[in-house]
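I open this notebook to record what I looked up in one model, entry by entry.

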Amino acid sequence: MSGIDELFEAAAVVRQSAYAPYSGFPVGAAVRAADGRLYLGCNVENAAYPAGSCAEQNAIGAMIAAGERRIVAIAVLAAGEKPVTPCGACRQRIREFGDGATMVHGGSIAGARRAWTLDELLPEAFGPDFLPDAAP
Ligand code: THU
């Protein structure tokens, strides 16, 4: 199995745990960190809608909680004909722990897939390098 297949397979498994009663749109995300390990997350909605969180956000949180700091690639999986792409806020969250070359893989459970670099999804991004005195 390719590394990308492994990412999507893990995203499909964690997607089954999504809590998405309001949108009916469960999402799974799998991060490949620099240590080679996978960190998973699903969306967790809330009756107070803005308090919900995205799958990517929760996968990144799991990576950080494990002590890792570097995203090599991320896969996001949801229903639909088109491969899902991370929302704007999650693009920024990926940028915090990745760079322009970080690979973002979008997939649909119907089988469509597409890959972008983060630079394609978030050109001219603001990132930690703009704050050199605030060493992360
Ligand atoms: N969602 C994600 O978790 N990731 C994405 O890339 C797109 C959107 C979630 C947020 C919300 O729970 C639901 O999908 C509908 O927007």
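**Entry 1, ground rules.** I am working with a predicted model, in which local features need pLDDT of at least 70, side-chain atom pairs count only at pLDDT 80 or more, and totals for chains, interfaces and linings use all residues. I number residues from 1 along each chain as its sequence is written, and the side-chain values I quote use heavy atoms, with hydrogens and water left out.

**Entry 2, the sheet.** I looked up the strand order, taking helices (H or I, at least four residues) and strands (E, at least two) as DSSP runs numbered from the N terminus, and counting two strands as paired if DSSP finds at least two bridges between them. Five strands make an open sheet of mixed pairing, and the order I read is β2-β1-β3-β4-β5. The edges are held by β2 (38-42) and β5 (113-117), each of which has a single partner strand, so one side of each is left without a neighbour in the sheet. From one strand to the next, the twist averages 15 degrees.

I then checked the sense of pairing: β1 and β2 run antiparallel over five bridges, whereas β3 (residues 71-78) and β4 (residues 103-108) are paired in the parallel sense over six bridges. Leu-38 in β2 is the bridge partner of Arg-32, and Ser-108 in β4 is the bridge partner of Ala-78. The hairpin of β1 and β2 has four residues between the strands, and in its turn Gly-36 has a positive phi of about 90 degrees.

Are Ile-74 and His-105 buried or exposed? I use buried for under 20% relative accessible area, exposed for over 50% and partly exposed in between (1.4 Å probe, protein chains only). Ile-74, in strand β3, is buried at a relative accessible area of 0%, and His-105, in strand β4, is buried at 8%. Leaving out residues up to four places away in sequence, I find Ile-74 touching residues that include Leu-7, Ala-30, Glu-56, Ile-94 and His-105. With the same exclusion, the residues touched by His-105 include Ile-4, Phe-8, Ile-74, Arg-114 and Trp-116.

How many salt bridges does a search of the whole structure find? The search finds four, where a salt bridge is a side-chain nitrogen of Lys or Arg within 4 Å of a carboxyl oxygen of Asp or Glu. I looked up the pair of Arg-32 and Glu-6, whose side chains meet at 3.0 Å, N to O. Arg-32 lies in strand β1 and Glu-6 in helix α1 (residues 3-15), so the pair ties together parts that are 26 residues apart in sequence. Arg-32 is buried at 17%, whereas Glu-6 is partly exposed at 36%.

I also recorded Arg-70 with Asp-99, whose closest N and O atoms are 3.4 Å apart. This pair links the loop between α2 and β3, which holds Arg-70, to the loop between α3 (88-97) and β4, which holds Asp-99, and the two residues are 29 residues apart. Arg-70 counts as partly exposed at 37% relative accessibility, and Asp-99 is partly exposed at 33%.

The side chains of Arg-95 and Asp-129 form a further salt bridge (3.0 Å, N to O). Here helix α3, with Arg-95, is linked to the segment after α4, with Asp-129, across 34 residues. Arg-95 is buried, its relative accessible area being 14%.

Glu-124 sits in the segment after α4 (118-121) and counts as exposed at 77% relative accessibility.

Conventions:
Axes fitted to C-alpha atoms, helices over the stretch in contact; angles between N-to-C directions. Contact = heavy atoms within 4.5 Å.
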